[in-house]
Amino acid sequence: MPEYKLCYFNTRGLGEMVRLLFAEADVAFEDVRYNSDEWPKHKATMQFGQMPVLFVDGVQIAHSRSIARFLTREFKLDGTGSSLQSALIDAWIEVLFETFQNLPFYEQDPTVKAEKLATVMKDNIGPKLEKLQEQISSTPGPYMFKDFTAGDIIVYAITDFLIKSFKVDLSCFQGITKLHDAVSQRPNIKKWIEARPVTEN
C-alpha cells in the first residue's frame, strides 16, 4: 500500500472531497493542514505553488480534480469500472467543480456577497443543480448512477459546502437532498464526519 499525504488548509473546501474519498475506501493517509500564516513557508515546496496536493510515496499530484480522478481509479470508486462510466463520472466532476470557481469567496461586504451569490445561483449553479437533479431522477436512487461512485462523494462534498458555508437552501432539489443524506450515512463517511477536526468552513 502506498504512503499517502494530503496537504491542504485547515478547512474543508477543495480538500474535504479528497478526505472523504479516503474515508469511504478506509485507506489511511496523513492529513496535513496548514493555517494561513504557515502556508507561505511551505508554498515553494508545492509543485505549482498551490493546494491541495497529494503525495503518493513522495510523488506530488497537484490539483483537486486530478487527485479525485486518481483516487477514484485507485479505490475502484467508478461503479462498473468501464471506460464509459469513468468518463461520465469525469464529466460530472468537471461540472461540479465549476460551482466552486463561481462562488464569491473573497467578497467582504455581506450585502454585496449575498447579491453575488444570488446571481451565481440563478445564472450558473442553479442550472447545474437542475441537471444533476435530472441525472439522479433517471436512476433508481439515491445515487447519480445505478451504483455508488466517487461522483456521489463529490456531490456530497460540494452541496454540503454550499449548505454550511453559504447557507444555500437545497430543499427544492429532493433528489440531491436524498443523495446528500445517503452519502453522509455511509458507515465510513459517517465515522469520518463525526471524528474530523471542527472548522468554520
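Predicted model: local features only at pLDDT ≥ 70, side-chain atom pairs only at ≥ 80, totals over all residues.
Rolling a probe the size of a water molecule over the atoms shows where empty space is left.

The lining of the largest cavity consists of Arg12, Gly13, Glu16, Leu20, Tyr156, Ala157, Asp160, Phe161 and Arg196. By residue class, this lining divides into four nonpolar residues, one polar residue and four charged residues. Two helices, H1 (13-25) and H6 (150-166), each supply at least two residues of that lining, and H6 gives the most, with four residues.

### The chain around the cavity

Which secondary structure elements make up the chain, and in what order do they come? The chain contains eight helices and four strands, and, when read along the sequence, these elements follow the pattern β-α-β-α-β-β-α-α-α-α-α-α. The radius of gyration is 17 Å, close to the 17 Å that the globule rule gives for 201 residues, so the chain is as compact as a globular protein of that length.

The following table gathers values for the chain as a whole.

| Property of the chain | Value |
|---|---|
| Box filled by the C-alpha atoms, along the principal axes | roughly 45 × 45 × 30 Å |
| Buried residues | 50% of the 201 residues |
| Contacts with a separation of 6 or more that join residues 24 or more positions apart | 66% |
| Accessible surface | about 10500 Å² |
| Part of the accessible surface belonging to carbon and sulfur atoms | 52% |

### Lysine 128

A single residue can be described in more detail. Lysine 128 is found in helix H5, which spans residues 110-137. Is this lysine buried or exposed? Lysine 128 counts as buried because its relative accessibility is 15%, and buried means under 20%. When residues up to four places away in sequence are not counted, lysine 128 touches Trp92, Val95, Glu98 and Thr99.

Methods: Residues numbered from 1 in each chain as written. Heavy atoms only, no water. 1 Å grid on protein atoms, 1.4 Å probe; cavity = no way out; pocket = protein on both sides within 12 Å on 5 of 7 lines; lining within 4 Å. Nonpolar A, V, L, I, M, F, W, Y, C, P; charged D, E, K, R; others polar. Rg over C-alpha atoms; globule rule 2.2 N^0.38 Å. Buried < 20%, exposed > 50% of the residue type's maximum accessible area, 1.4 Å probe, protein only. Contact = heavy atoms within 4.5 Å. Areas by Shrake-Rupley, 256 points an atom, 1.4 Å probe, with all protein chains shown as cover.
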